[in-house]
Amino acid sequence: MRRLNRKKTLNLMKELDAFPKVPESYVETSASGGTVSLIAFTTIAFLTIMEFMVYRDTWMKYEYEVDKDFTSKLRINIDITVAMRCQYVGADVLDLAETMVASADGLIYEPVPFELAPQQKELQRMLQLIQSRLQEEHSLQDVIFKSAFKSASTALPPREDNSLQSPDACRIHGHLYVNKVAGNFHITVGKAIPHPRGHAHLAALVSHESYNFSHRIDHLSFGELIPGIINPLDGTEKIASDHNQMFQYFITVVPTKLHTYKISAETHQFSVTERERVINHAAGSHGVSGIFMKYDISSLMVTVTEEHMPFWQFLVRLCGIIGGIFSTTGILHGFGRFVAEIIFCRFRLGSYRSTSVPLPDGHTSNHLPLITDNSTH
């Protein structure tokens, strides 16, 4: 009884077979079919490798929403070298919301030579090259996001040449915490002093001839410090052509949440517009000599997420490649054989064209000669 049930089950499974087997005695092989099969297998192997590379790759997904965080502080990371002595310059932030000077206690004034060491120049040239490529190819920003991790560093390496050159510049580096509103970070002549109506700088004690606001921005970023990220002003160097020269940077800061397979952080992207001019009150060009970075906070927040192709989607695409190539090559091979048979049939018919056979009564016969067994001898 059990054997009978097994046979019924086996017969039922055979009836449900959607892939019937063809006996080998009914299969005909040919050189053209082997050639097409070889081409099909090669194409399948090539496309499978390419599809696997696509599966391994990732892409960045950008989502936009309104930034509802108005109470937290904004961190500004600064590393700027000015071609003036530290006792002659002062840096602070003017908060436009509260009209007061934010505390600049987090900044360090370090006397350094303005000229870079050879290894430092090499890094600066690399940063400038990356910045020029980023302006041309914005998709490179995705590569920077994916390759960024906290252990990487884009800061200038320490000097190794042990230069005996006396310090002629001031490196201002550190970080500040300000409110998430528009503000103005600036470096100008004289130290900042508190003032009931705003702020002021002790510029009268500095000789006008010592003004030189040539500067190099080694790093400027907003939010959490991620050393692997290259910001728009990193590596920027400006040389002043006049003592009374103003450098202005108009910055739009966009809050950004970055989630990749290597790092997850809350940082800020920003775009910048540069402007510089010589202060000449007689010609109507008014202002104060110095470096001014006016930033504004965008109301939108961007979430950047690194995504990967699901494994099931990879399998579906792989099955589509294999099945599609087999079907397409089978159709092309069948069509090619059909065309070849038509051409060969016409060629064979042309070889048996009618011939003129003379008859005894002087007429000719255009019929093909009858081929018999005796005619073959």
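Predicted model: local features only at pLDDT ≥ 70, side-chain atom pairs only at ≥ 80, totals over all residues.
Residues are numbered from 1 along each chain as its sequence is written, and side-chain values use heavy atoms, with hydrogens and water left out.

Let's start with the overall picture. Of the 377 residues in the chain, 33% are buried, where buried means under 20% relative accessible area, exposed means over 50%, and partly exposed is in between (1.4 Å probe, protein chains only). Take the contacts in the chain with a separation of 6 or more: 80% of them come from residues 24 or more positions apart, a contact being heavy atoms within 4.5 Å.

Now to the helical part. The UniProt record, an unreviewed entry, lists residues 35-55 as "transmembrane region"; such annotations may be inferred rather than shown by experiment. In the model this span is 100% helix and 0% strand, and its end C-alpha atoms lie 30 Å apart.

Next, the aromatics. Rings of Phe, Tyr and Trp (its six-membered ring) pair if their centres lie within 6.5 Å, with planes under 30 degrees apart counted as stacked, over 60 as edge-to-face and the rest as tilted. That rule gives nine aromatic pairs. One of them is Y55 with F311, edge-to-face at 6.1 Å centre to centre with 70 degrees between the planes. Because Y55 lies in helix α2 (residues 31-56) and F311 in helix α5 (residues 311-351), the pair ties together parts that are 256 residues apart in sequence. Y55 counts as buried at 17% relative accessibility, whereas F311, at 47%, counts as partly exposed. Ring pairs also link F52, Y55, F311 and F314 into a cluster.

Over to strand β10 (residues 215-223), which is where you'll find D218. D218 is buried, with a relative accessible area of 9%. Its side chain makes a polar contact with the side chain of R216 at 3.2 Å; that term covers a pair of N or O atoms within 3.5 Å, and within protein one must be able to donate a hydrogen and the other to accept it, while residues adjacent in sequence count only if both atoms are side-chain atoms. Leaving aside neighbours within four places in sequence, D218 is in contact with D79, T81, L156, D234 and G235.

Notes. Helix = DSSP H or I, 4+ residues; strand = E, 2+ residues; numbered from the N terminus.
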